[in-house]
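Please examine the structure shown below. The briefing that follows treats one interface and a few individual residues.

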There are 4 protein chains.
Amino acid sequence: VISACLETLRSWDTNVRPGTLLNAGDAIAQLADRPDVHQGGVAWGAIDRIQADYQAFQARHRLDQLVVINVASTEPPFELRGVHNDLGALRTALAQPTDVPVLPASSLYAIAAIDLGIPYVNFTPSLGATFPAALALAQERKTVLAGQDGKTGETLLKSVLAPMFAHRNLRLLSWVGHNIFGNRDGQVLNDPRNKESKLRTKDQVVSSILGYKPQTLVSIEYVESLDDWKTAWDHVHFQGFLGTKMIMQFLWQGCDSLLAAPLVIDLARLMLFAQQRGEIGVLTHLACFFKNPMGVSEHDFFKQWHMLTEYVAQRQGR
Amino acid sequence: VISACLETLRSWDTNVRPGTLLNAGDAIAQLADRPDVHQGGVAWGAIDRIQADYQAFQARHRLDQLVVINVASTEPPFELRGVHNDLGALRTALAQPTDVPVLPASSLYAIAAIDLGIPYVNFTPSLGATFPAALALAQERKTVLAGQDGKTGETLLKSVLAPMFAHRNLRLLSWVGHNIFGNRDGQVLNDPRNKESKLRTKDQVVSSILGYKPQTLVSIEYVESLDDWKTAWDHVHFQGFLGTKMIMQFLWQGCDSLLAAPLVIDLARLMLFAQQRGEIGVLTHLACFFKNPMGVSEHDFFKQWHMLTEYVAQRQGR
Amino acid sequence: VISACLETLRSWDTNVRPGTLLNAGDAIAQLADRPDVHQGGVAWGAIDRIQADYQAFQARHRLDQLVVINVASTEPPFELRGVHNDLGALRTALAQPTDVPVLPASSLYAIAAIDLGIPYVNFTPSLGATFPAALALAQERKTVLAGQDGKTGETLLKSVLAPMFAHRNLRLLSWVGHNIFGNRDGQVLNDPRNKESKLRTKDQVVSSILGYKPQTLVSIEYVESLDDWKTAWDHVHFQGFLGTKMIMQFLWQGCDSLLAAPLVIDLARLMLFAQQRGEIGVLTHLACFFKNPMGVSEHDFFKQWHMLTEYVAQRQGR
Amino acid sequence: VISACLETLRSWDTNVRPGTLLNAGDAIAQLADRPDVHQGGVAWGAIDRIQADYQAFQARHRLDQLVVINVASTEPPFELRGVHNDLGALRTALAQPTDVPVLPASSLYAIAAIDLGIPYVNFTPSLGATFPAALALAQERKTVLAGQDGKTGETLLKSVLAPMFAHRNLRLLSWVGHNIFGNRDGQVLNDPRNKESKLRTKDQVVSSILGYKPQTLVSIEYVESLDDWKTAWDHVHFQGFLGTKMIMQFLWQGCDSLLAAPLVIDLARLMLFAQQRGEIGVLTHLACFFKNPMGVSEHDFFKQWHMLTEYVAQRQGR
């Protein structure tokens, strides 16, 4: 199937542009195949280059609308400071040379998009647009945002199963998840700093749904032979009537990219749809797509799904 | 924990009464430990004896309300005929000696309860009160009904997971479930005729939720060493983007009786609550408790759960 | 990889010959794509045709040696009678028209090979050459035999794991195996009569190794979407110190034909090697290849492996 | 069952003696419930106290023979130095006050036993008697040694399954094992320093048997709710004919202490048996009991078992 698209993909080669590695972390930097690209200068310089690429792409294909979706490798966690709460201060900081990084690469791409009024989706746990100054810029530029971290496999199952245990009043004692896979994403997550970002978005779902905190453990390991086949074993220990301990285990064998791809396509459509209707800011009705939905504390997949169907019903009713 | 209740349980010995085996099937009949109890006579004779037991129990414990819940072993499927659609004809048939059984044992207990205006819950896949004449009697006697077949483990998971696959547009290719357990219920289900009833309620859930029919296989086997530990392996084969086949498997190790017990207690409370409020007929808002909910075609657990919370919200709003 | 062999395979088309369905059972007969081929006549007529095909194949490719390996679909169990113990009587019976089948198809192919002095391997649980008169013919024609039923997956694991439990004195309570797959073999085994043959060879291994009989259950189901991916779930329940019950489960996801193919190749080599050395009769040192090894009651895989390495060591020592 | 032994166990209270924590590591030290016991002084002082306890125990129960088996928590890895190769130098060092620890606690118990001619078994991955000077002392005192790290569950399965893959020429690509449990042992292994010792003995088995190194990952996590129920998920990725990737997974749910206990009892018997026969040094025929058998590089469980049965056969033949 993929080979049928080969010719089209090749003709799109000119759309693949060198990016920026500014503060993307060592694990990602080591995988870069264009060390010749200049990475220095002030951050706004990188933003300028990225914006030029966005605009050239739109012009080349004569597109009415554009949407930017971050599916790059997960960056290490980035510590927010005062400057990230104040759009003015942020602009100033991005235009000056600094020793301390102002923003990681994912956020430079985000700012570049938002500043041009382009919808931006963060399909990874990287910082992207998830800080107050970015939200303020989106309001100013009247564009839409969504994220963060696509919910494709193990976490999707958590957000489906945890409500069941809650509704049946089966108290969870522990939930252990072990993930193995061997694609580029896995290679980057093998670095403990990058993995940390992922574990944060994966680990909060269960206790958020339950309202109490069972012991939870999530681990991710890079296993080269698995390629894109993300395999997860989850061991769920729970307590039934009279305190009796029982066990549910599941095994997930999914092709990671092919689980993500249709979500990315749907997100692109839903972002463009919202922009056309003049919506602004974080699209909370897209919560069911994400492990850590922006602006939404609800993690129950079926309640998130209800938010999406309600949104559709309201738009149809207009 | 159970031993702490031993004295109370012993003092209740007088409440354990010989029942009827009329048309309960060979597998159940062979396990009966009171072959001396007379099983002959017309069916209404058995109903009379059962009603006397119900009333003696209520008098002995000075109870305001009573609820009858069928948790007996699963009977073989029972073929419905014209007489089961007509309450008058059924009454006549039950009062006459016949060669062809008019009703199985589960339905005699149901008729006995309903005829006295006692709420009746069918926690098994046996016939119980799931035929038109029984519903008509419930209307006449102004009592409430619910059933059928408690959703405790593997089927609960099906009704939770199938909607997830549907919402993510992951097409199911096949769903194979293999159940093993060693309690009395397992012993009876080892008879292919009784197993047939169970497989029917277990097997319809997935395709009903999806709206199309993947290959489904459900098997149940009696494994003595497992006692009450019902163990299920489910292999779910599905197709993602570009037709790629992926797999989810789960293993459920639950203590069957202790999963059923709290549902039975909650059902008793909810039945009595509804009767006090003057409700009549099948309580469709209890669908989330059952594999094959009476009067409801919805199998999605979260939609069923929503029916229950809506019911509660409405009653609170009065 | 397979497509690289396509041209060679196509040029071998003339080697694919219509066979016989005499007594192969209904399930196999329904899958036949050459209903035009005459299936009547006396059994020896079919043997004659098969022998002519063997000889034409050998001549066409100018081969010094030939080996016949049965990898056809599993036939239903075949009841042996007096005639199968007596080579003379069998010959007579095969040459006469009969109402009661004298031999199933697998045995006609076997007799055809043995009668020409060609080594014969039965990689299936079908009857093949596993009866006294066939052994007598192998002695007479001075050829070698091996079988029966290739040990490729779940049963291989049983013959590896059961000795571990025995050596650790962990008493097995029950061993449940559930197999699902969707290839032609699975399609034929979906017929309960053919499945019966398979279950017989699969179910004896555990108790034979242990010396006592825990409860064992083996089931096989045809699941179309799995194609050649044979998936097995085994639940092993055992008792440790102080009677404590513990559980091991395994999941096997193997490509059935590709597990069988290298064993078939090795068997061909080992059969030809033995024939060259003048060995005659059943080759018991090949036990590790089979679920139900001819002439060997040992099912412990590592003892069977030892038989093979001993054989090699002895031949090297000559 | 255990409660039946309660009285005997209580009467043995006087046999439970405060030990030494010298160099046992922080994780173990923090769990100690007798901080009042003096831990200072030279190492040989601790050995003296331990020897007095051994002798008092033997006298109290009038025992002909004694055996010491280390089942204490796993210590962090201990770096060997020149002094551990020279018995004379070691004795001197143990008798002097030092800043750098000479031996960890497990080895002080070992030296105490060996010095009295008492057989010593190391059922843990701690250092114990696994260094040249301890072996020399065993030769001098004419006593027997065995170890190290009891093979009870996941590693036992590795040493059983890896030979199967090797014999079938199925190339292993990766073997991932994830272990969770909640007993005291798990609590100590939660400390990365102690876990390191365990991972070393667990991780070498597969590649040692295969003769090449697939990617192997072993992880251990402390999950409180599991208590003594050690649960392991192993994902074995292997390559069959034509490079086709296939998967075997197993789930082990064993009660850790009850898997270890009978091995400990058998080891005690076999050590005393060997000592009575005048054997000296490391008992290599006990390899099948250990993850990392002293003096033996063979990890194939069935070859190790053969070593034990050969030993028995030889002794019976005398």
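A salt bridge is a side-chain nitrogen of Lys or Arg within 4 Å of a carboxyl oxygen of Asp or Glu. In this predicted model, the side chains of B:Asp227 and C:Lys245 form such a bridge, at 3.3 Å from N to O. Local features need pLDDT of at least 70 and side-chain atom pairs count only at pLDDT 80 or more, whereas totals for chains, interfaces and linings use all residues; side-chain values use heavy atoms, with hydrogens and water left out. Residues are numbered from 1 along each chain as its sequence is written, while chains are lettered from A and ligands numbered from 1 in the order in which they are written.

**The interface of chains B and C**

- The same surface serves both copies, since 100% of the contact residues of chain C recur in chain B; contact means heavy atoms within 4.5 Å.
- In chain C, 24 residues are in contact with 24 residues of chain B.
- About 2,000 Å² is buried between chain C and chain B, and carbon and sulfur atoms give 59% of this area. Buried area is the accessible area (1.4 Å probe) that two parts lose on being put together, summed over both.
- The rule finds 2 salt bridges across this interface.
- It also finds 13 residue pairs in polar contact, both residues being at pLDDT 80 or more. A polar contact is a pair of N or O atoms within 3.5 Å; within protein, one must be able to donate a hydrogen and the other to accept it, and residues adjacent in sequence count only if both atoms are side-chain atoms.
- On the side of chain C that touches chain B, the elements giving two or more residues are strand 4 (171-181), strand 5 (215-222), strand 6 (229-239) and strand 7 (245-255) of chain C. Helices (H or I, at least four residues) and strands (E, at least two) are DSSP runs, numbered from the N terminus.

**Backbone geometry**

- Most residues other than glycine have a negative phi, and most peptide bonds are trans.
- The peptide bond from C:Gly147 to C:Gln148 is cis, with omega near 5°, and C:Gln148 lies in the loop between strand 3 (144-147) and helix 7 (154-167) of chain C.
- In chain D, the peptide bond from D:Gly147 to D:Gln148 is cis, with omega near 10°.
- B:Lys142 is a residue other than glycine with a positive phi, near 55°. Its place is the loop between helix 6 (132-141) and strand 3 (144-147) of chain B.
- B:Lys142 counts as exposed because its relative accessibility is 55%; buried means under 20% relative accessible area, exposed over 50%, and partly exposed in between (1.4 Å probe, protein chains only).
- C:Asp227, also not a glycine, has a positive phi of about 50°. This residue is in the loop between strand 5 and strand 6 of chain C, and at 40% relative accessibility C:Asp227 counts as partly exposed.

**A residue of helix 11 in chain D**

- D:Gln275 belongs to helix 11 (residues 256-276) of chain D.
- The side chains of D:Gln275 and D:Gln65 are joined by a polar contact of 2.9 Å.
- Leaving aside neighbours within four places in sequence, the contacts of D:Gln275 include D:Gly117, D:Pro119 and D:Thr143.
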